[in-house]
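Hi,

Here's the structure I said I'd pass along.

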Amino acid sequence: MLVELAVANLGVIEQVTIELPPGLLALTGETGAGKTLLVDAISLLMGGRADPGLVRPGASEATVDGRFEVGDEELVLSRVIPASGRSRAYVNGRPATAGALAELGERLVDLHGQHQHQSLLGVGAQRAALDRFGDVDRSRLDLAKAAVAEIDAALAELGGDPRARAREIDLLRYQVDELDAAGIDDPDEDTRLDAEEDDLANAVSYQEVGAAALETLSGDDGILDRLAGLLHDLDGARPLAEQAARVRGLLAEAGDLADEVRAVADGLESDPERLEEVQSRRHLIKQLTRKYGETLAEVMDEHRELAERLAELEAHDERAASLDAERDA
């Protein structure tokens, strides 16, 4: 029950607070005194439309607060209507939506008037009143309605329009065929191809770099020859035995390095045909990632989802018949 109403800057009302006692209360006054505005204020608390034109001229906003007693508890609903901008709603001081106020208002207040809605005119309210009077258990009916709603949603998602379904199947089949033909099964393929393209495209220059490095390491008077000469000079000099051991280690390390450089350089081959294949594959991957996902992992996920959707649509008639049977039941 509404026990207190506070209104500020609403139409002709600058500021008013009304405490409503139990029982019948009559609001009287001359035309234009603001009686209808008080009803409008209650309507705003019930989630009614907030018209900026209701704000008192010269004021930045209008406010309406209502205190209700609900059993042993109090509930405070508030509405703020700015002269410009969106209205704000509050329940016990916490921000809420106008929809939330409307849901609460249906249980708290019923406005009856020449231009106001009357709940008893609503078919839902009439049915609910009749069910209460007849002590009807609606639980099975509510469960059945919920099940029908789920089936209707499933049928809608399945694609009830044959033409729309045919168009979607054609598009999905094209996309799935394109992804099937691409055969993407490694989310890191693009990284590997990038490295391979670099090796193939620069094979000659990399071979030249390897040959120069090998000449520096093992050519005449190269690093290996110089280290061998240094080791020869140090061997037998007892005070420099530790340094000789380090040079011996450097000589072994340089020999290993030369072997590795030789192996890598020998493995680099100029293969124009393979380079063309790699570049074509990378171009295809770029097209697929532009259409189906930023990464190959996302492309693979999209491929799976599209194939599942296509299979679902192609099995539409069987699935639709099953859902129709469930709905009839």
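**The sheet and its helices**

In β5, Arg88 is the residue that sits opposite Val80. Keep in mind that this is a predicted model. That pair belongs to the stretch where β4 (residues 73-82) and β5 (residues 88-91) run antiparallel, joined by four bridges.

Zooming out, the sheet is an open one of six strands, paired antiparallel in the order β2-β1-β3-β4-β5-β6. β2 (13-19) and β6 (94-96) are the edge strands; each has a single partner, so one side of each has no neighbour in the sheet. On average, neighbouring strands are turned by 15° against each other, ignoring direction.

Two helices to look at here:
- α1 (residues 35-45) packs on the sheet and touches β1 (2-10), β2, β3 (61-70) and β4, with its direction at about 105° to that of β1.
- α2 (residues 98-108) also packs on the sheet, touching β3, β4, β5 and β6, and makes about 135° with the direction of β4.

**Further along the chain**

α10 (residues 272-292) packs against α11 (residues 296-314) at about 65°, with the axes 9 Å apart, and the crossing is left-handed. From α10, Ile285, Leu288, Thr289 and Tyr292 meet Leu296, Glu298, Val299, Glu302 and Leu306 of α11. By type, that contact has six nonpolar residues, one polar and two charged.

Beyond its neighbours within four places in sequence, Glu189 contacts Ile184, Arg281, Ile285 and Leu296.

Cheers

Note on methods
Residues are numbered from 1 along each chain as its sequence is written. This is a predicted model: local features need pLDDT of at least 70, side-chain atom pairs count only at pLDDT 80 or more; totals for chains, interfaces and linings use all residues. Side-chain values use heavy atoms; hydrogens and water are left out. Contact means heavy atoms within 4.5 Å. Axes are lines fitted to C-alpha atoms, for helices over the stretch in contact, and angles run from 0 to 180 degrees between N-to-C directions. A crossing is left-handed if the near helix is turned anticlockwise from the far one by less than a right angle, and right-handed if clockwise. Ala, Val, Leu, Ile, Met, Phe, Trp, Tyr, Cys and Pro count as nonpolar, Asp, Glu, Lys and Arg as charged, and the others, Gly among them, as polar. Two strands pair if DSSP finds at least two bridges between them.
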